[in-house]
Amino acid sequence: MKILFAGTPEFAVLPLENIIKNGFDVVGVVTQADKPQGRKGVLTPPPVKVFALEKGIPVFQPAKIKEEISALKAFGADIMVTCAYGQILTQEVLDCFPKGVWNIHAGLLPFYRGASPIQSCIINGERETGVSIMQTELGLDCGDILCVKKTEILESETYGQLSERLSAIGAELIVEGLKMLEKGEYTLEKQASDGVNVVRKINKEQGKIDFSKSAKEIVDLVRGMNPAPIAYMQSGEVKINVYLAEKATLTDEEQAVWASAVCGEVISDKVKRGLLIKCADGAVKLLQAQASGGKVMSGSDLLNGRKVQKGQVFSC
């Protein structure tokens, strides 16, 4: 069974690697174009391309895959496996592969279809997620499911940390799925018609912290935005990026200050206590943050360096 693999980010590297390790014939890799990275705009290849070239696998980087039907057919692949590729596939593309196109989706279906299943489930406070291997159809993540593996979301787990775990789970699960397909021994499960939810790509603006929300909602937002695009808070011209936070336990003195403060107000200037900011049901303690142009540091260090001070209010 010849496989054409389509993927782009680091998340897709481990699944590709495991497919190769298990003896499957990967005849080529399709990935997105090299893109400028960093302040200097250095043209950088996608992680999947780097890995594929190291393994001597042909790499194809079409600007629009739907316009490259002849090139796709030329690979002679029986099946295509996709993993965070980044382009929409047309019916003509799907028809290139006799045994279908199968996607490694980092979320539970139909509850987390779309572009941001990992971030969105953290931001929404979910306690469980997983990886789904599904057959690709024209609709958005609506195909029949081949196999699923669920996993608990750890309490302090960030988007980056959960992505690494789901990549590893996906790497194991796609091999299980390919073995089923190769033997012809599998049963597809249709997605439930209720509970359908489509999550769009997360943008920077969604990372602004609203301190009128609960501590849990704020902490979950911070986790879901780390390592990108990063949650932030704003006070006038002062912008602070927030990498890690937790719900604070307030002393009696801090409770008294909290009672007369507004949401978003810094309620402690004691370095040893750290940077505490009032929210709807208590306070959030910043564990790692970054002032504009500075380095990532603890909330205590932000207070010590007078980047923020007691009584300062960060807008909701």
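Author: Happy to! In this predicted model, the lining of the second largest pocket divides into seven nonpolar residues, seven charged ones and one polar. Of its 15 lining residues, those closest to the centre are Glu155, Ser156, Val219, Arg223 and Ala245. The space inside comes to about 330 Å³. Helix α7 (215–224) gives the largest share of this lining, six residues, and both α7 and strand β13 (238–247) supply at least two residues each.

Now turn to the largest pocket, with a volume of about 1900 Å³. Among the 50 residues that line the largest pocket, Pro9, Ala84, Tyr85, Gly86 and Ala115 are the closest to its centre. Its lining holds 25 nonpolar, 18 polar and seven charged residues. Helix α6 (159–183) contributes the largest share, five residues; β3 (35–37), β6, β7 and α5 (117–123) are also elements that each supply at least two.

Two of those elements, β6 and β7, lead us to the sheet. Seven strands make up this open, mixed sheet, ordered β5-β2-β1-β6-β7-β9-β10. At its edges stand β5 (59–60) and β10 (145–152), each with a single partner strand, so one side of each has no neighbour in the sheet. The partner of β5 is β2 (residues 25–30), and the two pair in the parallel sense over two bridges, with valine 29 standing opposite valine 59. Helix α1 (residues 13–21) lies across β1 (2–7), β2, β6 (79–83) and β7 (101–105), running at about 160° to β2.

Definitions and conventions:
Residues numbered from 1 in each chain as written. Predicted model: local features only at pLDDT ≥ 70, side-chain atom pairs only at ≥ 80, totals over all residues. Heavy atoms only, no water. Pairing = 2+ DSSP bridges. Helix = DSSP H or I, 4+ residues; strand = E, 2+ residues; numbered from the N terminus. Contact = heavy atoms within 4.5 Å. Axes fitted to C-alpha atoms, helices over the stretch in contact; angles between N-to-C directions. 1 Å grid on protein atoms, 1.4 Å probe; cavity = no way out; pocket = protein on both sides within 12 Å on 5 of 7 lines; lining within 4 Å. Points joined across faces, edges and corners; volume = space filled by probe spheres on them. Nonpolar A, V, L, I, M, F, W, Y, C, P; charged D, E, K, R; others polar.
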